[in-house]
Amino acid sequence: MRRNLVRVLDGETLSPPPIWLMRQAGRYLPEYLETRAHAGSFLQLCYNPELATEVTLQPIRRFGFDAAILFSDILVIPDALKRNVRFNEGHGPVMDPIDEDSIKALDAENVFAHLSPVLQTVEKLRTKLPAPTALLGFCGAPWTVATYMVAGRATPDQAPARLFAYRYPKAFEHLLLLLADVSAEYLVAQLDAGADAVQIFDSWAGVLGEPEFEAYAVKPVARMIEFIRSRRPSAKIIAFPKGAGCLLKDYRRKTGAHAIGLDWTVPLDLACELQKDGPIQGNLDPMRLAAGGNTLDEGVDAILQRLGNGPLIFNLGHGIIPQVAPENVRRLIDRVRNRPES
Ligand code: CP3
């Protein structure tokens, strides 16, 4: 069966466009909070195939999105690399900050044994999802994952990783290459387990200057995509370089991604230009979803008007925030699927 999301990734224009939302499983849903309370910690939830399958399915049951995204986190990779990742309530993720010596000592040996519960979740999901619903796998881009590994915590601008990269370029390059290779293999495993497509999240691409964007955001993602294509030529890949701005222009050609995820700051004129070269995904401001009402409707309509006549996957420009009322998500989906004639 050719699922709608895959048809758009192949270049088709669908009206209405398929829709899914980043962070569609999460704290804005009471049923998520309940399952998470049973799981113990957030990471225990990620590594429990039964419960991770359940929370992936929750937004599908409630809203009937066109795609489910595997419930996991980009930081399972550093966790599998033994960086002691923890998610502390209210403080975001923390891990042991990495230095030059610990980069040399990184050992990718047992990464796949560690991640096997996540791959079991993918297999389970494919048997439980409705047939028309696409399944998306994902991982973090090397740069974004490295920023957390260097700082050991969330920061507003990833200054620690930017500084580290200038001071220790060789070690940093080694870290990015290792992450690219492990992550590419991980995505191939997700595709083999039943994912229809995969998304590479480069959430912190936007803090890089132009040469650094080329070296740290473009090159490692291009390397990953080349590896994935060499193993699985038909693999469908979405890349989301958040905050890339005008550097988005050459990103698809340079990385080889099928579809480009756009954040909400990308002007619709630029989005239109990018859509001439292939499918795009995005880019409603998550705060419009939180605000609801006419603010939400106007944002949806503007995107559909400008981008609805080309290959589009409707999404937010970043993840749903926990304060969102579930009825706003219902309203968004209804608006995308049954937009009043204008
Ligand atoms: O989109 C989905 O519904 C799938 C699941 C998913 C999660 N994280 C679950 C999660 C995905 C695709 C991610 C990706 C992720 N994780 C990114 C890239 C996308 C982005 O948001 O920029 C990043 C940078 C992370 C790292 C991360 N995980 C941070 C910084 C935090 C803390 C901030 C926060 O929102 O809580 C997390 C925790 C996290 N990942 C939660 C969820 C549902 C909240 C944990 C909880 O239940 O308390």
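Predicted model: local features only at pLDDT ≥ 70, side-chain atom pairs only at ≥ 80, totals over all residues.
**View 1. The largest nonpolar core.** This core has 127 residues. Leu-175 is among those with the most contacts inside it, together with Phe-172, Phe-314 and Leu-332. Helix α11 gives the most to this core, with 15 residues.

**View 2. Packing of helix α8 on helix α11.** Helix α8 spans residues 116–128, and helix α11 spans residues 169–193. The two pack at an angle of about 30°, and their axes are 8 Å apart. Angles under 35 degrees count as roughly parallel, so α8 is roughly parallel to α11. The crossing of α8 and α11 is right-handed. From α8, the contact is made by Val-118, Leu-119, Val-122 and Glu-123. From α11, Tyr-186, Ala-189, Gln-190 and Ala-193 take part. By class, the contact has 6 nonpolar, 1 polar and 1 charged residues.

View 3. Ala-80 lies in helix α5, residues 76–80. Its relative accessible area is 5%. Buried means under 20%, so Ala-80 counts as buried. Leaving aside neighbours within four places in sequence, Ala-80 is in contact with Val-111, His-114 and Leu-115. Ala-80 and Ala-113 are 33 residues apart along the chain. Their C-alpha atoms are separated by 8.7 Å.

Technical notes
Residues numbered from 1 in each chain as written. Heavy atoms only, no water. Axes fitted to C-alpha atoms, helices over the stretch in contact; angles between N-to-C directions. Helix = DSSP H or I, 4+ residues; strand = E, 2+ residues; numbered from the N terminus. Parallel < 35°, antiparallel > 145°, perpendicular 65-115°, else oblique. Left-handed = near helix turned anticlockwise from the far one by under 90°. Contact = heavy atoms within 4.5 Å. Nonpolar A, V, L, I, M, F, W, Y, C, P; charged D, E, K, R; others polar. Core = buried A, V, L, I, M, F, W, Y, C linked by side-chain atoms within 4.5 Å. Buried < 20%, exposed > 50% of the residue type's maximum accessible area, 1.4 Å probe, protein only.
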